[in-house]
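Reader: Hey, could you walk me through this one? I'd like to go helix by helix, then look at the charged pairs.

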Amino acid sequence: MPTLILHTNRPLDEQQRTELPARLARFTAQATRKPEQWIMTVIHDARPMSFAGGHAPCAFVEFKSIGLPDADMPAISAGLCELLQDALGLDPARVYIEFTRAEPQRWGWNSGTF
């Protein structure tokens with residue numbers, strides 16, 4: 001059920017398209033302490049985006065999970081920014097992350113909800 005959606009104006013090359021979803025899934029599984037089999041990652045690259053009035057590389061990340069503790073969010077933010085800087089060269093100061101704690105009854109899967 002944890003889902004990480006990355007929106008960035010940076011275009012990804014073929015290697016990044018192959019490797020980054022798996023890296024993000026491993027990170028999300030570790031951060032949420034949930035099995036990787038439940039993790040979904042989505043990447044939207046080369047999007048028209050601006051940040052602080054400019055078009056330098058930036059990202060918006062949606063990080064969603066059932067039962068996401070507030071206390072974990074600073075460490076997830078730091079780890080995710082480090083991963084994106086390493087993988088894509090994104091300056092952490094140009095990354096916004098939206099954390100969403102979903103209610104189980106509002107998260108659908110397999111013709112039902114959690």
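Predicted model: local features only at pLDDT ≥ 70, side-chain atom pairs only at ≥ 80, totals over all residues.

Reader: Fine. Does the span of α2 agree with its number of residues, or disagree?

Author: It agrees: α2 (residues 73-88) has 16 residues and should span 22 Å at 1.5 Å a residue, and its end C-alpha atoms are 21 Å apart. The expected span is 1.5 Å times one less than the number of residues. Helices here are DSSP runs of H or I with at least four residues, strands are E runs of at least two, and both are numbered from the N terminus.

Reader: Which residues of α2 are buried?

Author: M73, I76, L80, C81, L83, L84, A87 and L88. Seen down the axis of α2, they fall within an arc of 165 degrees, so they line one face of the helix; the arc is taken from the directions from the helix axis to the C-beta atoms. Buried means under 20% relative accessible area, exposed over 50%, and partly exposed in between, with a 1.4 Å probe and protein chains only.

Reader: And what's on the other side of α2?

Author: P74, A75, E82 and D86 are exposed there.

Reader: What covers the buried residues of α2?

Author: The cover includes β1 (3-8), α1 (14-32), β3 (59-66) and β4 (95-102). Contact means heavy atoms within 4.5 Å.

Reader: OK, α1 now. Where's the kink?

Author: At L20, about 25 degrees, shortly before the proline P21. The bend is the angle between axes fitted to the seven residues ending at a residue and the seven starting there. L20 is also one of the buried residues of α1, among them L24, F27 and A31. The buried residues of α1 pack against β1, β2, β3 and α2.

Reader: What caps the N-terminal end of α1?

Author: D13, with a side-chain oxygen 3.1 Å from the backbone nitrogen of Q15. After the other end of α1 comes R33, whose phi is positive, near 55 degrees.

Reader: Switching to charges. How many salt bridges in the whole structure?

Author: A search finds 5, counting a side-chain nitrogen of Lys or Arg within 4 Å of a carboxyl oxygen of Asp or Glu. One of them joins R17 and D45, at 3.0 Å from N to O. R17 is in α1 and D45 in the loop between β2 (40-44) and β3, 28 residues apart.

Reader: Is D45 buried or exposed?

Author: D45 counts as buried, at 10% relative accessibility, while R17 is partly exposed at 43%.

Reader: Which residue does D86 pair with?

Author: R23, in a salt bridge of 2.7 Å from N to O. D86 has a relative accessible area of 55%, and R23 is partly exposed at 28%.

Methods:
Residues numbered from 1 in each chain as written. Heavy atoms only, no water. Polar contact = N/O pair within 3.5 Å; in protein donor to acceptor, adjacent residues only side chain to side chain.
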